[in-house]
Amino acid sequence: MEIITRKTFFQSDEFADTFICDMQNSYSVDLDESIRSDKKQLKQNFDHRQQFNQNNSPVTGNCVIVYPAINRKDYCLKLPESITLFLKTLGSQKVTLLDFVNTDFSDFPFETFQKRNIFKRISRGIKRSYVIQFSVDIIVDIFPLFFFSRRYDIPVILMISDGEVPVSLRLCDDGNLHLNFREKHHEQVIAAATVAGFVIGDIELCRGYSVSFL
């Protein structure tokens with residue numbers, strides 16, 4: 001496990017450099033730097049609105065994948081296992097956990113104090129401006145800590161995988177995963193998701209599959 005700065009990560013990973021820049025520009029489009037509160041938010045949270053390398057390949061592929069859980073226990077147990085299988089099928093060995101904006105992990109609305117304390121111990125108190133990188137094998141221990149949080153309408157948390165087929169996995173408040181990848185890898189991503197037992201579609205899947213139904 002390694003903790004590095006967001007800047008170092010974006011400089012070293014061209015997929016993250018492109019994807020996070022696009023995300024931040026999308027979410028900050030209505031903020032006005034001439035307004036004091038907006039300017040403060042832009043400075044504090046939107047730390048990557050300019051790519052380090054303008055020649056990076058675009059990240060235009062996307063889909064939603066859902067683990068069809070029968071109850072919350074099944075969801076908590078099987079979703080992390082399916083994510084692990086999905087990423088290993090794509091050849092990933094390491095993932096980076098981060099927020100799409102520069103936030104302080106100590107402010108994250110974890111479901112319970114126990115989850116907050118476990119993450120604090122695992123991450124050695126990681127705070128603003130840092131990301132945490134770890135082996136795909138321990139997704140089962142870390143990712144569930146973010147389940148059932150009180151964060152709505154924006155990505156709950158996200159992971160970006162390494163390897164020849166990098167993928168961003170954004171957990172939404174319905175408990176599903178919104179994937180982003182380079183379009184040339186579309187077939188590989190869909191094939192890996194199928195192997196891992198996911199239902200695959202677009203954002204409309206979240207109407208029929210949600211942890212609120214479990």
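## Asp153

Asp153 sits in the loop that runs between helix 6 (139-142) and strand 5 (157-161). In this predicted model, Asp153 has a relative accessible area of 70% and is therefore exposed, the cut-off for that class being over 50%. Although Asp153 is not a glycine, its phi is positive, at about 70°.

## Ser129

Ser129 also has a positive phi, near 75°, and is a residue other than glycine. Its place is in the loop between helix 5 (113-122) and strand 4 (130-135). The relative accessibility of Ser129 is 31%, so Ser129 counts as partly exposed.

## Asn56

The loop between helix 3 (36-45) and strand 2 (61-66) holds Asn56. Asn56 is buried, because its relative accessible area is 9% and buried means under 20%.

Two polar partners of the Asn56 side chain can be named. The backbone oxygen of Glu14 is reached by the side chain of Asn56 at 3.2 Å. With Thr18, the link is between side chains, a polar contact of 3.2 Å. Leaving aside residues up to four places away in sequence, Asn56 touches Glu14, Asp17, Thr18 and Gln51.

## Helix 4 against helix 7

Helix 4 (residues 72-89) packs with helix 7 (residues 186-195) at an angle of about 140°, and the two axes are 8 Å apart. The two helices are therefore oblique to each other, since an angle has to be over 145 degrees to count as roughly antiparallel. The crossing of helix 4 past helix 7 is right-handed.

On the helix 4 side, the contact is made by Leu85, Phe86 and Thr89. Helix 7 contributes Val189, Ala192, Ala193 and Val195. Sorted by class, the residues of this contact are six nonpolar and one polar, with no charged residues.

## Glu204

Glu204 lies in the loop between strand 8 (199-201) and helix 8 (205-208). With a relative accessibility of 44%, Glu204 counts as partly exposed. Its side chain makes a polar contact of 2.7 Å with the side chain of Arg207.

Leu87 is 117 residues from Glu204 along the chain, and the C-alpha atoms of these two residues are separated by 23 Å.

Terms used. Residues are numbered from 1 along each chain as its sequence is written. This is a predicted model: local features need pLDDT of at least 70, side-chain atom pairs count only at pLDDT 80 or more; totals for chains, interfaces and linings use all residues. Side-chain values use heavy atoms; hydrogens and water are left out. Helices (H or I, at least four residues) and strands (E, at least two) are DSSP runs, numbered from the N terminus. Buried means under 20% relative accessible area, exposed over 50%, partly exposed in between (1.4 Å probe, protein chains only). A polar contact is a pair of N or O atoms within 3.5 Å; within protein, one must be able to donate a hydrogen and the other to accept it, and residues adjacent in sequence count only if both atoms are side-chain atoms. Contact means heavy atoms within 4.5 Å. Axes are lines fitted to C-alpha atoms, for helices over the stretch in contact, and angles run from 0 to 180 degrees between N-to-C directions. Angles under 35 degrees count as roughly parallel, over 145 as roughly antiparallel, 65 to 115 as roughly perpendicular and the rest as oblique. A crossing is left-handed if the near helix is turned anticlockwise from the far one by less than a right angle, and right-handed if clockwise. Ala, Val, Leu, Ile, Met, Phe, Trp, Tyr, Cys and Pro count as nonpolar, Asp, Glu, Lys and Arg as charged, and the others, Gly among them, as polar.
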